[in-house]
Each structure stands twice: as structure tokens, then as C-alpha cells.
Amino acid sequence: MRLANVATAPETLTLEEHRDRTRTAARRGRHAGLLVLAVIPVAALLNVFGQRPETSSAATSAARLQVYAPTHARSGNVYAARFRVDAFRELRRATLVLDPGWAEQYTVNGAAPQPLAEGSADGKLEFVLGHIPKGSHYTFFLSLQVNPTNVGRHSQDVSLLDGSRRLIVMRRSITIWP
């Protein structure tokens, strides 16, 4: 059996240079690219971009306000924010006022329990919780979804009012990752 004629390699190609020896710069570039690709999921596992909630708390002689919500989230994520009001004295018309950063480029999926009234003032969300007797607490949940185009840092301050009297102002912010 006779083999077909095989073309010979051009004189400028050598096996040692073009097949056997790996170029150091090319190898380093591949390793650097793989390292960059590996760092992203590891950082996500360490909650660098994550939505792990944190508790923020502020108190006065009248009440304590706790907010349990993430300070970092990714676009498209769904999460629930929990607001807990502990009354140290009777609150006749407890009202939560949320900065526009709680709603801009968000989808508000629901609120539970339903507040007595909802409204807005100067772009801020108002939720009238109603009467909270001395020594008791009220927990309010707000279900939110970050819109995919929402990226950056936003103010998410929360105020607790009793009627028109401001009791607590809590300064918060959230960073949204793409």
C-alpha cells in the first residue's frame, strides 16, 4: 500500500519553535485571564456583590427603629426589607417615611401587613402604620426587586414619625452592582 504524497513543512517553521516550546508571555496571559474569571465568583461568594441583609438600628426615648435589608445588591435581585418599630411610649399614628432610593428603579412587589394608608410627599414613600401601644412592636415587610438598569449608590434613609412629629431618622444607603 502506497501513501499519498504529503506536503513538507515550509522551511521557516520548526517543530522546536512552533510546537514544542510554549511562549512564556502567552502562557502568562492565559493564566491571568483564568485568574480574573475565577476571582469574580469567589468575590460573589464572599458577598462583595451580594444581597446579604444587615441590621441598622436607631433609637430615642420614644421608640426604636430597626431596618433589616441589604446594603449591597445586584441588578435584578428580589429581596424583602423588614422594618421593626418598638414603642417605648404610645405611638398614636406611627408612620414610616422612606427616601426615594427605596423606590427609584425598583419594582415594589408588596407590603405586609398592609399599612392603614400609603402615600408620598416630596418623592418619599409614606406608610401609616397606625397605633402602636407602649411596650409593643410592629413589624412591616416591603418586598422589592432591583430593576436591571439600576446601578450605583442610592440613599435609603428611613424616618419614623408619630403624626407630624419626627421621632427617628436613620441614614442608610445601598450600592447596586450590575
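Gln 105 is partly exposed, at 39% relative accessible area (buried is under 20%, exposed over 50%, partly exposed in between, with a 1.4 Å probe and protein chains only). You'll find Gln 105 in the loop between β5 (91–98) and β6, and its phi is near 60°, a positive value in a residue other than glycine. Strands here are DSSP runs of E with at least two residues, and helices are runs of H or I with at least four, numbered from the N terminus.

Asp 122 isn't a glycine either, yet its phi is positive at about 55°. Asp 122 sits in the loop between β7 and β8 (124–132) and counts as exposed, at 79% relative accessibility.

## About the model

This is a predicted model, where local features need pLDDT of at least 70 and side-chain atom pairs count only at pLDDT 80 or more, while totals for chains, interfaces and linings use all residues. Residues are numbered from 1 along each chain as its sequence is written, and side-chain values use heavy atoms, leaving out hydrogens and water.

## The sheet

Five strands make an open sheet in the order β1-β2-β4-β9-β6, with antiparallel pairing (two strands pair if DSSP finds at least two bridges between them). β1 and β6 (106–112) are the edge strands, each pairing on one side only.

Within the sheet, β2 (residues 63–70) and β4 (residues 78–87) run antiparallel and are joined by six bridges. Gln 66 stands opposite Arg 84 in β4.

## A cis bond

The peptide bond from Ala 112 to Pro 113 is cis, with omega near -10°. Pro 113 belongs to the loop between β6 and β7 (117–121).
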